[in-house]
Amino acid sequence: MDRERLVKFGRERANRWRRTSHSGYGHGAIKLVVSHAAAVHGIEVSAESVDLARIALRRLGLIGKANERDRRPTEDELTRLFSHFNTKPRVIPMSRIIKFAIATAMRQEEICRVTWSDFNSRTKMLMIRDRKDPREKKGNDQNIPLLAVSGYDAVALIEEQRAIRSNEDDRISPMSISQPALHSPGRVRIWG
């Protein structure tokens, strides 16, 4: 596994993916395997050729960082989404979940994991446990203020859920994102 072979591999991936951010993933995985083999299993192998290949591919413009995305849905797009989700009675009131996600900038898995004990109604703070972070997988707990600056009031949405709470589960959104209920009406009652 020398530099030339890795550069060739990078060129092939760049031609296939057409996006510099995707074509760089393969070299990251190779470096991870090589480093693991050396550190854990004592195999005499160096990641230097991988590093040199990445430098070459970066300078050739074949790998690079992904473009940052900072797009928000327009009011028209949100209106159409809400209209779509409100046309038929649903077990999962997606309009309220979307509003809560916009109000809090929380991911779907975080919304489904937050508990009543994580919510402080007096201070209007919400603890998000094990928040996604590329460096910290566990213990990355974060308190967020529930401000109504996005046009949606997260506290009011939580209080609406409290008023209709009928589950024994401590989660505010009592479901798992892997449950088929996301696509199969009638199985789980969430947010209403």
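Which residue does Arg129 meet in a salt bridge? The side chains of Arg129 and Asp118 form this pair, with an N to O distance of 2.8 Å. A salt bridge is taken here as a side-chain nitrogen of Lys or Arg within 4 Å of a carboxyl oxygen of Asp or Glu. Arg129 lies in the loop between strand E2 (125-128) and strand E3 (142-145), and Asp118 in the loop between helix H7 (108-113) and strand E1 (119-120), so the pair ties together parts that are 11 residues apart in sequence.

The model is predicted; local features need pLDDT of at least 70 and side-chain atom pairs count only at pLDDT 80 or more, whereas totals for chains, interfaces and linings use all residues. Residues are numbered from 1 along each chain as its sequence is written, and side-chain values use heavy atoms, with hydrogens and water left out. Helices (H or I, at least four residues) and strands (E, at least two) are DSSP runs, numbered from the N terminus.

Asp118 is buried, at 7% relative accessibility, while Arg129 is partly exposed at 40%. Buried denotes under 20% relative accessible area, exposed over 50%, and partly exposed the range in between (1.4 Å probe, protein chains only).

In total, the structure holds 8 salt bridges. One of them joins the side chains of Glu160 and Arg96 at 3.7 Å, N to O. This pair links distant parts of the chain, with Glu160 in helix H8 (residues 154-163) and Arg96 in helix H6, 64 residues apart. Glu160 is partly exposed, with a relative accessible area of 38%, and Arg96 counts as buried at 18%.

A further salt bridge is found between Glu159 and Arg162, whose closest N and O atoms are 3.0 Å apart. Both residues belong to helix H8, where a spacing of 3 residues separates them by about one helical turn. Glu159 is partly exposed at 30% relative accessibility, as is Arg162 at 37%. Elsewhere, salt bridges with shared partners join Asp118, Arg129 and Asp141 into one network.

Helix H6 (residues 94-104) also contains Thr104, which counts as buried at 10% relative accessibility. The side chain of Thr104 reaches the backbone oxygen of Phe100 at 2.8 Å. With residues up to four places away in sequence not counted, Thr104 touches Arg131, Ile144, Leu146 and Ala154, contact meaning heavy atoms within 4.5 Å.

Definitions and conventions
Polar contact = N/O pair within 3.5 Å; in protein donor to acceptor, adjacent residues only side chain to side chain.
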